[in-house]
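Visitor: I would like to learn how to read this structure, starting with what surrounds the ligands. Please take it one feature at a time.

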Amino acid sequence: MKKYSVLVAGGGSTFTPGIVLMLLDNLDKFPIKELKFYDNDAARQETIGKACAVLIKERAPEVVFSYTTDPREAFSGVDFVMAHIRVGKYPMRELDEKIPLKYGVVGQETCGPGGIAYGMRSIGGVLELVDYMEKYSPNAWMLNYSNPAAIVAEATRSMRPNSKILNICDMPVGIEVRMAEILGLESRKEMTVKYYGLNHFGWYSDIRDQAGNDLMPKLKEHVAKYGYVVHKDIDSQHVEPSWNDTFAKAKDVFALDTNTLPNTYLKYYLFPDYVVEHSDKEYTRANEVMDGREKHVFGECRKIAEKGSSAGASLHIDEHASYIVDLARAIAYNTKERMLLIVPNQGSVSNFDPTAMVEIPCLVGNTGPEPMQIGKIPQFQLGLMNQQVAVEKLVVEAWMEKSYTKLWQAITLSKTVPSASVAKAILDDLIAANKDYWPELN
Ligand SMILES: NC(=O)c1ccc[n+]([C@@H]2O[C@H](COP(=O)([O-])OP(=O)(O)OC[C@H]3O[C@@H](n4cnc5c(N)ncnc54)[C@H](O)[C@@H]3O)[C@@H](O)[C@H]2O)c1
Ligand SMILES: O=P(O)(O)OC[C@H]1O[C@H](O[C@H]2[C@H](O)[C@@H](O)[C@@H](O)O[C@@H]2CO)[C@H](O)[C@@H](O)[C@@H]1O
Ligand SMILES: [Mn+2]
């Protein structure tokens, strides 16, 4: 089996150790000869890098490991770039969430004005990664899960149409793991799903087992009562309360269209008033993550580096992230695995904009994704998607043209925002907060 060279871009991410452990656990399926990290924050990456050096030495010393902030060193000689950068890091996420909330509007990482602000920061960062990859390793593939994936995907479609970048999201994986538990299946891979939408904005229309039996009725019965909460007691003890609320709220989202099963993120668009009422304007998800995941991961990494051993450390394999190995394997070994990817529509959803980036099942092989035909979608989903895709396209146009008006239009058009005047007030605050990251708007 050929061994591959992998670069993790965003080496300082809180997700990096879990992904490294997952890659090390899958070396039999996806052999790696070299693993490198790249980040533009040397100190942040070093903490994660020093700990990962220990993990790799313990588990797979044959894998050559390094980390760097030098693009040439990082991007030369690689086969895959796994990209998960967060331009502006958590302090900017906190502002994305808190500024809209000040105006009574949903404050969320990837949805509404917060997602738009994050998109305006991410576009330049991800394009830079694509350009480094094409310069130093022109045959490599980028597996991108940097958010907001919908806006990033539209930006690369529009500005780097021939680049080998595949955009993917783990939310459907997370939902499908829960569905498999509801159904009593060993693995989500025992289900074949039909799904369509935009990233963080989609619906399952059909789910079957390997024999072709319809699994939707049993799932609908559960979701109508409990949303995607699986074991009420276990979930409320082990899943963070804010995520548990999101899984539970899927019950109300489902009630709006009982022919499909929804992505959890639709709650932000369909129940924005509920979301705002249940938000703490002073302490948002960014604060939870900084006080929780970030402190934990960086604390554990420091301990591992100091001791030179991971014995007793509580960093775990991110099993959930095995979809990244599946995607890399699909390209490397032409497995033709069926996966949900964010790809140009080009008629797959036949009554929807062919230039939109849609999240749909694709067969993935060594030439990339072959999107599956979805056909016509119902009026409810079509109406919502037309509005949301216009938001995403306007953000990318605003970034390219440095247009204040287009960004104002984008925020106004978001279903989470009540009026153009509220949109303008939020935009003006976001411009001030993002002056180091956004292009200057005219
Ligand atoms: N697609 C998905 O479903 C999915 C799932 C989980 C996380 N994510 C995304 O993964 C990313 C990382 O998340 P996190 O919470 O671990 O964030 P994080 O802030 O811990 O890590 C991001 C890293 O990116 C680095 N970075 C920022 N801008 C950069 C640039 N221009 N070049 C190189 N490095 C840069 C930062 O220094 C930081 O170390 C985010 O975009 C997040 O939204 C996506
Ligand atoms: O608020 P965060 O930073 O914890 O999560 C934001 C990300 O949420 C989704 O990924 C989730 C996943 O779906 C969930 O089941 C759990 O396992 O954790 C993942 C990461 O936290 C979403 O798909 C991402 O795009 C978000 O960045
Ligand atoms: Mn996602």
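Guide: Start with a backbone contact: a backbone N or O atom of Tyr 145 sits 3.1 Å from a nitrogen atom of ligand 1. Bear in mind that the model is predicted.

Visitor: How much of the accessible area of ligand 1 does the protein cover?

Guide: On its own, ligand 1 has 860 Å² of accessible area, and the protein covers 96% of this.

Visitor: Which side chains make polar contacts with ligand 1, as with Asp 39?

Guide: The idea is to look for pairs of N or O atoms within 3.5 Å. In Asp 39, a polar side-chain atom is 2.6 Å from an oxygen atom of ligand 1. For Tyr 90, an N or O atom in the side chain is 2.3 Å from an oxygen atom of the ligand.

Visitor: Which residues come nearest to ligand 1?

Guide: There are 25 residues around ligand 1, and the nearest are Ser 13, Asp 39, Arg 44, Tyr 90 and Tyr 118. By class, the shell holds nine nonpolar, eight polar and eight charged residues.

Visitor: Now the other ligand. Which residues come nearest to ligand 2?

Guide: Ligand 2 has 14 residues around it, of which Arg 93, Asn 147, Asp 170, Arg 285 and Arg 293 come nearest. The class count is six nonpolar, three polar and five charged. Helix α13, residues 285-307, gives the most to this shell, with three residues.

Visitor: What are the polar contacts of ligand 2, for example at Asp 170?

Guide: A polar side-chain atom of Asp 170 is 2.5 Å from an oxygen atom of ligand 2. The side chain of Glu 109 has an N or O atom 3.0 Å from an oxygen atom of the ligand. Met 171 takes part through its backbone, where an N or O atom lies 3.3 Å from an oxygen atom of ligand 2. The protein covers 84% of the 530 Å² of accessible area that ligand 2 has on its own.

Visitor: Asn 147 was on that list. Is the peptide bond from Asn 147 to Pro 148 cis or trans?

Guide: The omega angle is what to read, and here it is near -10°, a cis bond. Pro 148 is in the loop between β5 (141-144) and α6 (149-159).

Visitor: How should I read a sheet?

Guide: In general, the strands of a sheet pair through backbone hydrogen bonds, and the pairing is either parallel or antiparallel. Here three strands make an open sheet, in the order β7-β8-β9, with antiparallel pairing.

Visitor: How many bridges join β7 to β8?

Guide: Seven bridges join β7 to β8, which spans residues 201-208. As one case, Tyr 195 has Tyr 204 in β8 as its bridge partner.

Visitor: Which helices pack on the sheet?

Guide: Helix α7, residues 171-183, packs on the sheet and touches β7, β8 and β9, with its direction at about 35° to that of β8. Helix α8, residues 216-226, also packs there, touching β8 and β9, and its direction makes about 130° with that of β8.

Conventions. Residues are numbered from 1 along each chain as its sequence is written. Chains are lettered from A and ligands numbered from 1 in the order in which they are written. This is a predicted model: local features need pLDDT of at least 70, side-chain atom pairs count only at pLDDT 80 or more; totals for chains, interfaces and linings use all residues. Side-chain values use heavy atoms; hydrogens and water are left out. Two strands pair if DSSP finds at least two bridges between them. Helices (H or I, at least four residues) and strands (E, at least two) are DSSP runs, numbered from the N terminus. Contact means heavy atoms within 4.5 Å. Axes are lines fitted to C-alpha atoms, for helices over the stretch in contact, and angles run from 0 to 180 degrees between N-to-C directions. A residue is near a molecule or strand if one of its heavy atoms lies within 4 Å of it. A polar contact is a pair of N or O atoms within 3.5 Å; within protein, one must be able to donate a hydrogen and the other to accept it, and residues adjacent in sequence count only if both atoms are side-chain atoms. Accessible areas come from the Shrake-Rupley method with a 1.4 Å probe; for residues, only the protein chains shown count as cover. Ala, Val, Leu, Ile, Met, Phe, Trp, Tyr, Cys and Pro count as nonpolar, Asp, Glu, Lys and Arg as charged, and the others, Gly among them, as polar.
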